[in-house]
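Hi,

Here is the structure for you to look over. My notes on it follow below.

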Amino acid sequence: MPEFQTSPGMRDILPPESARWRRFVDVFAQTVESAGYGQVMSPLLEDLGVFQRIGDATDVVSKEMYDFVDKGGRHIALRPELTASICRAFVQHRPLAPWKIWYSGSMFRYEKPQRGRYRQFDQVGIEVLGADDPNLDVEVIALGWEFYRALGLQQVKLVLNSLGEPDDRARYVQALQTYFEANLDALSAESRVTLQKNPLRVLDSKREQDAALVAGAPRIAQFYSEKAASHFEAVQAGLTTLGIPFTVEPKLVRGLDYYRHTTFEYQGGTLDSAQNALGGGGRYDGLVESLGGPATAGVGFAMGLDRTLLACDDEGVFPAPSAAVDVFVVDTTGGAEALRITAELRAAGLRADRAYENRSMKSQMKAADRSGAVFAVIVGSNELEAGSVVVRPLRAEPAGPDTASGQVAVPRTDLTSHLTKAMS
Ligand code: HAM
């Protein structure tokens, strides 16, 4: 075992998986940029206070933060999510509203690592600041849905809820507290602790012992103000207009505390229930204000890249893009010719690799095969003298009549145009 390895919950993403990650972000960017979202790149580190505004009652803030005091005595933290950072950026830069932005990058949460749950994980997401139109909730939810379709995922389910306005929510939390306290004996020990900190989160309990009690708990819908009810209806109507199927789940409270009105989750069909949230989001109309900005509406979502790719594996979609090169140069004359040829081919836009260390023909041909290249270009001393090279198809249909293997001798000066044509 090597002396140093990645820390628990942190991973090296190696090729070809890394290319898949990059493509994931590319597809996401295409999807959301087509709707007018621009990318924000913000720091990995923020003042701890930025994240404390997410809500002290959440595990993300109270238990899972990677925080430390830097050399200047500032208490800072590695970001556990990006919504708070984006709101901080909005307050700092005052862009025109509505501000439609997207992001991607690594987040850090000190969680118990398991399949689909890591301490460093990646998210892609969008946020819209400065408009409380329910049509924006619909647009945001629909873009996430479209993205899953673009990946090829078929089994994702959209689950929707509304937490109402802050007053509705407060009255609901009070009612939940009263209800659970009246049934304290039936509640699991863990949920009793949760109840003290955040009664809403008791609804999230997956423990058998709590199931009946949670099922009988008061429902948020009973507490909606007229405005909350009509906002939620408009969101549902919009999703129906777009033909996006959803289920209303009154128990959906989500792990972060800043939500009001719409909340939603995209749940995968193939992962364990504890890790089946591929993405989620909602409205957080008070967050900018709590970070020192003007009253500003906000809505958005974030998706876990790691988890979504696990769902892709399970559904057999969105494979890693091919890492194969187009051409592999085999040079048994010392390597100088391979140096020139690969440079020429790469300059012409072809993907070209070669063997090194002047290995034997046999070993170079093996490397050519492993590279996945479509053609091998072979340079021996005879060819070098004659000013030609041999092009041998490794995978393509035989391109010429010369030999059974389809290989052809090509004048050295014609090589780049010959291969460019063959590859197109
Ligand atoms: P979240 O539900 O905490 O929301 O995280 C969003 C997604 O990130 C989850 O659905 C999951 O796929 C992924 N995720 C979270 N924790 C982990 C982990 N430890 N390992 C792997 N994946 C993980 C937010 O972060 C909000 N900022 C979303 C949002 C944006 N709400 C409004 N705007």
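**Around the ligand**

Strand 10 contributes the most to the shell around the ligand, with six residues. Strands here are DSSP runs (E, at least two residues), numbered from the N terminus. This is a predicted model: local features need pLDDT of at least 70, side-chain atom pairs count only at pLDDT 80 or more, and totals for chains, interfaces and linings use all residues. Residues are numbered from 1 along each chain as its sequence is written, and side-chain values use heavy atoms, with hydrogens and water left out.

The ligand is surrounded by 27 residues, each with a heavy atom within 4 Å of it. The closest are E81, T83, E111, Y118 and Y259. By class, the shell has eleven nonpolar, nine polar and seven charged residues. Nonpolar means Ala, Val, Leu, Ile, Met, Phe, Trp, Tyr, Cys and Pro; charged means Asp, Glu, Lys and Arg; the others, Gly among them, are polar.

Now the polar contacts (pairs of N or O atoms within 3.5 Å). A polar side-chain atom of E127 sits 2.8 Å from a ligand nitrogen. For Q123, a side-chain N or O atom is 3.1 Å from a ligand oxygen. F301 uses a polar backbone atom, 3.4 Å from a ligand nitrogen. The protein covers 96% of the 660 Å² of accessible area that the ligand has on its own (Shrake-Rupley method, 1.4 Å probe).

F68 lies in strand 3 (residues 67-69). F68 counts as partly exposed because its relative accessibility is 38%, between the cut-offs for buried (under 20%) and exposed (over 50%), with a 1.4 Å probe and protein chains only.

Best wishes

Notes: Polar contact = N/O pair within 3.5 Å; in protein donor to acceptor, adjacent residues only side chain to side chain. Helix = DSSP H or I, 4+ residues; strand = E, 2+ residues; numbered from the N terminus.
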